[in-house]
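Q: I have a protein structure to go through today. Could we look at it together, piece by piece?

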Amino acid sequence: MVTGIVIPADEDQPIFQREFRGLSEYQEVVGGYIEAIDLGSLGASFFAHDESKLVGAPMNRRATLAWWLACPYMRHRDTIGGDVVLIGLPDAEGDTKSVPDELITLLFNTKSYKAEYQTADNDDAFNSNSMVYEDYWEAVNAALVKFDRWAAVIRARVVPA
(Lines give C-alpha, C1' and ligand atoms only; values in the text may rest on other atoms or scores of the structure.)
Protein backbone atom coordinates (compact mmCIF):
# COMPACT_ATOMS: atom_id res chain seq x y z
CA MET A 1 0.00 0.00 0.00
CA VAL A 2 1.02 3.59 -0.64
CA THR A 3 0.52 6.38 1.88
CA GLY A 4 -0.73 9.59 0.33
CA ILE A 5 -2.04 12.90 1.60
CA VAL A 6 -5.40 14.00 0.24
CA ILE A 7 -5.66 17.76 -0.29
CA PRO A 8 -9.29 18.71 -0.91
CA ALA A 9 -10.05 21.68 -3.15
CA ASP A 10 -12.47 22.92 -0.46
CA GLU A 11 -10.23 24.74 2.01
CA ASP A 12 -12.79 24.21 4.76
CA GLN A 13 -11.91 20.52 4.56
CA PRO A 14 -8.66 19.43 6.25
CA ILE A 15 -5.92 17.54 4.51
CA PHE A 16 -5.59 13.92 5.64
CA GLN A 17 -3.46 10.82 5.19
CA ARG A 18 -4.86 7.78 3.43
CA GLU A 19 -3.59 4.39 2.34
CA PHE A 20 -4.05 3.57 -1.37
CA ARG A 21 -4.12 0.10 -2.89
CA GLY A 22 -4.16 1.06 -6.54
CA LEU A 23 -5.20 3.23 -9.45
CA SER A 24 -8.95 3.01 -8.86
CA GLU A 25 -8.58 4.49 -5.37
CA TYR A 26 -6.62 7.48 -6.70
CA GLN A 27 -9.25 7.97 -9.39
CA GLU A 28 -11.99 7.84 -6.76
CA VAL A 29 -10.37 10.70 -4.83
CA VAL A 30 -9.69 12.94 -7.84
CA GLY A 31 -12.98 12.14 -9.54
CA GLY A 32 -11.66 10.76 -12.83
CA TYR A 33 -8.54 9.77 -14.72
CA ILE A 34 -5.33 10.89 -13.06
CA GLU A 35 -2.33 12.84 -14.23
CA ALA A 36 0.90 13.05 -12.30
CA ILE A 37 2.24 16.53 -11.55
CA ASP A 38 5.88 16.57 -10.48
CA LEU A 39 6.82 18.68 -7.47
CA GLY A 40 10.56 18.43 -8.12
CA SER A 41 12.23 20.07 -5.14
CA LEU A 42 9.73 18.51 -2.69
CA GLY A 43 10.58 14.98 -3.81
CA ALA A 44 6.89 14.29 -4.41
CA SER A 45 4.10 14.41 -6.96
CA PHE A 46 0.40 15.13 -7.08
CA PHE A 47 -2.17 12.87 -8.65
CA ALA A 48 -4.87 15.17 -9.99
CA HIS A 49 -7.86 14.86 -12.34
CA ASP A 50 -6.44 15.05 -15.84
CA GLU A 51 -9.40 17.08 -17.15
CA SER A 52 -10.23 19.11 -14.05
CA LYS A 53 -10.62 22.37 -15.96
CA LEU A 54 -12.74 20.80 -18.70
CA VAL A 55 -15.17 19.32 -16.15
CA GLY A 56 -15.33 22.55 -14.14
CA ALA A 57 -13.57 21.37 -10.99
CA PRO A 58 -12.82 24.21 -8.57
CA MET A 59 -9.27 25.45 -8.29
CA ASN A 60 -7.33 23.74 -5.53
CA ARG A 61 -5.55 26.75 -4.04
CA ARG A 62 -3.42 24.73 -1.61
CA ALA A 63 -2.18 22.33 -4.29
CA THR A 64 -1.60 25.17 -6.74
CA LEU A 65 0.44 27.18 -4.23
CA ALA A 66 2.57 24.13 -3.32
CA TRP A 67 3.14 23.45 -7.03
CA TRP A 68 4.13 27.05 -7.71
CA LEU A 69 6.55 26.99 -4.78
CA ALA A 70 8.16 23.72 -5.91
CA CYS A 71 8.14 24.64 -9.62
CA PRO A 72 8.54 28.43 -9.94
CA TYR A 73 8.33 28.32 -13.73
CA MET A 74 4.61 27.40 -13.37
CA ARG A 75 3.72 30.45 -11.23
CA HIS A 76 0.78 32.34 -12.69
CA ARG A 77 0.78 30.06 -15.76
CA ASP A 78 -1.47 27.24 -14.65
CA THR A 79 -3.52 25.99 -11.71
CA ILE A 80 -4.57 22.63 -10.34
CA GLY A 81 -8.26 21.83 -10.05
CA GLY A 82 -10.20 19.46 -7.83
CA ASP A 83 -9.06 17.23 -5.00
CA VAL A 84 -5.50 15.89 -5.29
CA VAL A 85 -3.37 13.19 -3.71
CA LEU A 86 0.18 14.03 -2.66
CA ILE A 87 2.43 10.99 -3.13
CA GLY A 88 6.13 10.27 -3.45
CA LEU A 89 8.07 10.27 -6.67
CA PRO A 90 7.93 6.99 -8.59
CA ASP A 91 10.71 4.44 -8.24
CA ALA A 92 12.99 3.33 -11.10
CA GLU A 93 10.28 0.97 -12.39
CA GLY A 94 7.66 3.72 -12.37
CA ASP A 95 5.77 2.38 -9.35
CA THR A 96 4.10 4.91 -7.08
CA LYS A 97 5.83 5.42 -3.74
CA SER A 98 4.49 6.79 -0.47
CA VAL A 99 4.68 10.48 0.31
CA PRO A 100 8.08 11.20 1.93
CA ASP A 101 8.10 11.08 5.74
CA GLU A 102 9.59 14.60 5.78
CA LEU A 103 6.43 15.96 4.14
CA ILE A 104 4.17 14.09 6.56
CA THR A 105 6.13 15.61 9.44
CA LEU A 106 6.09 19.07 7.87
CA LEU A 107 2.35 19.05 7.16
CA PHE A 108 1.04 17.24 10.24
CA ASN A 109 3.58 17.56 13.07
CA THR A 110 5.04 21.04 12.67
CA LYS A 111 3.60 23.82 14.82
CA SER A 112 5.12 26.84 13.07
CA TYR A 113 6.74 27.64 9.75
CA LYS A 114 8.99 30.19 8.14
CA ALA A 115 9.73 31.02 4.54
CA GLU A 116 13.30 31.00 3.31
CA TYR A 117 14.68 32.57 0.15
CA GLN A 118 17.63 31.89 -2.09
CA THR A 119 18.85 34.91 -4.03
CA ALA A 120 20.82 35.27 -7.25
CA ASP A 121 23.77 36.86 -5.46
CA ASN A 122 24.10 33.92 -3.03
CA ASP A 123 22.68 30.75 -4.54
CA ASP A 124 24.44 28.55 -1.96
CA ALA A 125 22.35 29.69 1.01
CA PHE A 126 18.80 30.36 2.08
CA ASN A 127 17.87 33.43 4.12
CA SER A 128 14.73 34.28 6.05
CA ASN A 129 13.20 37.03 8.10
CA SER A 130 11.52 36.99 11.52
CA MET A 131 8.04 36.15 10.19
CA VAL A 132 6.60 32.93 11.64
CA TYR A 133 3.38 31.30 10.47
CA GLU A 134 1.17 28.81 12.27
CA ASP A 135 -0.32 27.49 9.03
CA TYR A 136 1.75 25.82 6.30
CA TRP A 137 -0.42 27.20 3.47
CA GLU A 138 -0.15 30.74 4.86
CA ALA A 139 3.63 30.37 4.87
CA VAL A 140 3.62 29.08 1.28
CA ASN A 141 1.49 32.01 0.18
CA ALA A 142 3.81 34.48 1.95
CA ALA A 143 6.85 32.87 0.32
CA LEU A 144 5.27 33.25 -3.11
CA VAL A 145 4.30 36.88 -2.49
CA LYS A 146 7.93 37.70 -1.60
CA PHE A 147 9.08 35.69 -4.63
CA ASP A 148 6.88 37.87 -6.85
CA ARG A 149 7.97 41.15 -5.28
CA TRP A 150 11.71 40.61 -4.83
CA ALA A 151 13.44 40.18 -8.19
CA ALA A 152 16.60 38.74 -6.65
CA VAL A 153 14.79 35.63 -5.34
CA ILE A 154 15.49 32.54 -7.44
CA ARG A 155 14.00 29.95 -5.09
CA ALA A 156 11.81 29.88 -1.98
CA ARG A 157 10.88 27.17 0.46
CA VAL A 158 8.88 26.66 3.66
CA VAL A 159 10.56 24.98 6.62
CA PRO A 160 9.82 24.47 10.31
CA ALA A 161 10.38 27.65 12.32
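Predicted model: local features only at pLDDT ≥ 70, side-chain atom pairs only at ≥ 80, totals over all residues.

Q: What does the C-alpha trace span along its principal axes?

A: The trace spans about 45 × 35 × 30 Å.

Q: And how much of the chain is buried?

A: Of the 161 residues, 45% count as buried. The chain exposes about 8600 Å², and carbon and sulfur atoms supply 48% of that area.

Q: Now charges. How many positive and negative side chains are there?

A: There are 14 positive and 25 negative side chains in the protein chain. The centres of these two sets lie 6 Å apart.

Q: On to the helices. Which residues of α1 are buried?

A: Helix α1 covers residues 23–30, and its buried residues are Glu25, Tyr26, Val29 and Val30. They cover an arc of only 130° around the axis, which puts them on the same side of α1.

Q: Why would residues a few places apart point the same way?

A: An α-helix has 3.6 residues a turn, so residues three or four places apart point the same way.

Q: Which exposed residues are on the face turned away from the buried side of α1?

A: That face carries Ser24 and Glu28, which are exposed.

Q: And what covers the buried residues of α1?

A: The cover includes five strands: β1 (2–7), β2 (16–20), β3 (34–38), β4 (44–49) and β5 (84–88).

Q: How far apart are the C-alpha atoms of Arg18 and Thr3?

A: They are separated by 5.8 Å, although the two residues are 15 apart along the chain.

Q: Let's switch to α2. How many of its residues are buried?

A: Helix α2, residues 61–70, is mostly covered, with nine of its 10 residues buried. Among them are Ala63, Leu65, Trp67 and Trp68.

Q: What do they pack against?

A: The buried residues of α2 pack against strands β1, β3, β4, β5 and β8 (153–160), and also against helix α4 (136–149).

Q: Is Thr64 buried or exposed?

A: Thr64, which lies in helix α2, is buried, with a relative accessible area of 1%. Leaving aside neighbours within four places in sequence, Thr64 is in contact with Met59, Asp78, Thr79 and Ile80.

Q: Where is His76 placed?

A: His76 is in the loop between α2 and β5. His76 is exposed, with a relative accessible area of 55%. Its phi is near 65°, a positive value in a residue other than glycine. As background, most residues other than glycine have a negative phi.

Q: Last topic, Gln118 and Asn122. Which strands hold them?

A: Gln118 lies in strand β6 (residues 113–119), and Asn122 lies in strand β7 (residues 122–128). Gln118 counts as buried at 10% relative accessibility, whereas Asn122 is partly exposed at 32%.

Q: What is Gln118 in contact with?

A: Leaving aside neighbours within four places in sequence, its contacts include Asp123, Phe126, Val153 and Arg155.

Q: And how far is Asn122 from Gly88?

A: Their C-alpha atoms are separated by 30 Å, and the two residues are 34 apart along the chain.

Definitions and conventions: Residues numbered from 1 in each chain as written. Heavy atoms only, no water. Buried < 20%, exposed > 50% of the residue type's maximum accessible area, 1.4 Å probe, protein only. Areas by Shrake-Rupley, 256 points an atom, 1.4 Å probe, with all protein chains shown as cover. Lys, Arg positive; Asp, Glu negative; His and termini not counted. Charge placed at Lys NZ, Arg CZ, Asp CG, Glu CD. Helix = DSSP H or I, 4+ residues; strand = E, 2+ residues; numbered from the N terminus. Arc of directions from axis to C-beta. Contact = heavy atoms within 4.5 Å.
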